[in-house]
Amino acid sequence: MRLLTHNMLSSNIKGVTNGFPLRIQVEKVVEKEVEINHDFLRNIFPKIDWKALSDASRIMGYNELPEVPPEPSVLESDIEILRKFHHALLELHLEEGALLCPETGRSFRLIRVFRICFYSRMRFEKMVWCLIRLRFGDYEF
Amino acid sequence: MSSRPELQAPPEIFYDDSEARKYTSSSRIAEIQAKLSERALELLALPDDGVPRLLLDIGCGSGLSGETITENGHQWIGLDISPSMLNVALQNEVEGDLLLGDMGQGLGLRPGVIDGAISISAVQWLCNADKSSHEPRLRLKAFFGSLYRCLARGARAVLQVYPENLAQRELILSYAMRAGFAGGVVVDYPHSTKRRKEYLVLTCGPPSLSTAIPSGKGEDGESCSDDESSGDEENQTVSISDRHRPRKKQKINKRGKGREWVLRKKEQMRRKGNAVPRDTKYTARKRKARF
């Protein structure tokens with residue numbers, strides 16, 4: 001799961017007033033190379049919650065992102081900051097771990113295990129949902 | 001087995017591993033889904049400036065529609081209720097991140113972050129109550145409400161649906177309108193039973209010139225005929241089910257019921273055991289109109 005998605009997710013548990021941002025419990029992080037697109041970054045920048053992004057990237061092990069969000073005008077010219085933004089947003093992948101609702105502490109797991117322990121954790125009625133990111137080739141069974 | 005899949009089982013059970021495999025390996029289905037996704041993206045009318053957008057794919061399933069989004073250069077987040085289908089999507093290594101969840105419980109996204117949403121053949125599943133705790137109306141309300149919130153201003157949602165009947169179509173539309181969406185339905189090839197496809201095109205924010213709903217394909221008569229050798233001609237009109245059938249007018253009998261009828265009825269009631277006044281010369285006598 002990329003930090004782009006994490007930045008958009010909010011806990012939808014009933015009764016929670018502010019379910020954003022979900023706290024990240026890291027177990028495994030993978031870095032994948034993605035082609036950079038400056039237009040996309042400039043376009044998505046106003047929608048991103050910068051504090052959540054920089055905190056999350058620090059938890060994932062990437063400390064290059066500045067804590068203070070850059071001005072939109074800076075983004076137009078500074079390629080270096082766009083590079084860092086791109087890396088944190090799209091190239092860091094949380095392969096294994098969990099996301100925790102900030103108010104209730106309920107955890108949404110990112111599961112790698114194929115099916116088996118999955119149903120015991122799924123309780124649709126209580127509106128718990130999980131993020132799945134399975135990598136088929138990496139698992140022996 | 002020609003009944004609708006929605007009537008057989010809830011989606012997370014209907015789309016189990018074997019069904020998911022069948023669905024994805026069928027080239028015909030893949031082709032249809034690709035076409036539907038292309039058309040949905042077209043209806044989404046994203047600005048043609050080459051800037052990739054962040055889209056939401058509701059009911060993404062095995063990622064067939066998501067692949068179309070990636071081909072068009074956009075980023076996406078997919079949501080689906082069936083783990084087996086998502087499994088297939090992961091095996092296909094789709095570009096978007098996948099969420100497992102029930103759209104009828106709310107999407108769980110921050111307000112105003114999504115630039116557009118598409119859904120291919122998924123929203124009609126909301127109209128069936130699969131569990132006793134489900135109520136289709138509440139689910140529709142939760143879905144459309146959360147969708148409206150998470151879309152950015154001026155963004156569109158294009159939902160390709162297969163409603164079972166007119167009532168379902170109206171139900172879905174009414175809840176969409178209630179959530180605050182403006183828009184309408186685009187029907188492609190309305191006269192062809194096989195190729196007829198319906199798209200709900202919903203816009204966030206006040207209606208303006210840019211939110212004019214495009215016309216469906218095949219309406220101006222061109223290329224409307226079926227090329228398939230099914231033999232079923234395309235002259236089928238859309239059937240509209242009448243909710244209010246004209247009631248038969250009650251016959252008003254001007255003759256009225258005479259003395260004989262009254263006496264007969266009184267006898268019947270006596271036989272039944274009711275208390276009935278005795279028959280006199282006054283029984284069923286004609287009264288003044290004012291009476």
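Asp55(A) and Lys51(A) form a salt bridge, with their closest N and O atoms 2.8 Å apart. A salt bridge here is a side-chain nitrogen of Lys or Arg within 4 Å of a carboxyl oxygen of Asp or Glu. Both residues sit in helix 3 (residues 50–60) of chain A, four residues apart, about one turn of the helix. Helices (H or I, at least four residues) and strands (E, at least two) are DSSP runs, numbered from the N terminus. Asp55(A) is partly exposed, at 29% relative accessible area. Lys51(A) is exposed, at 56%. Buried means under 20% relative accessible area, exposed over 50%, and partly exposed in between (1.4 Å probe, protein chains only).

This is a predicted model: local features need pLDDT of at least 70, side-chain atom pairs count only at pLDDT 80 or more, and totals for chains, interfaces and linings use all residues. Residues are numbered from 1 along each chain as its sequence is written, chains are lettered from A and ligands numbered from 1 in the order in which they are written, and side-chain values use heavy atoms, leaving out hydrogens and water.

Over all chains, the structure holds 17 salt bridges. Three of them are listed here.

| Pair | N to O distance |
|---|---|
| Asp55(A) and Lys51(A) | 2.8 Å |
| Arg2(A) and Asp97(B) | 3.2 Å |
| Glu198(B) and Arg196(B) | 3.1 Å |

Arg2(A) pairs with Asp97(B). Arg2(A) lies in the segment before helix 1 (3–8) of chain A and Asp97(B) in strand 3 (residues 97–100) of chain B, so the pair joins two chains. Both residues are buried.

In chain B, Glu198(B) is buried, at 5%, while Arg196(B) is partly exposed, at 21%. Lys266(B), Glu267(B), Arg270(B) and Asp279(B) are linked in a salt-bridge network.
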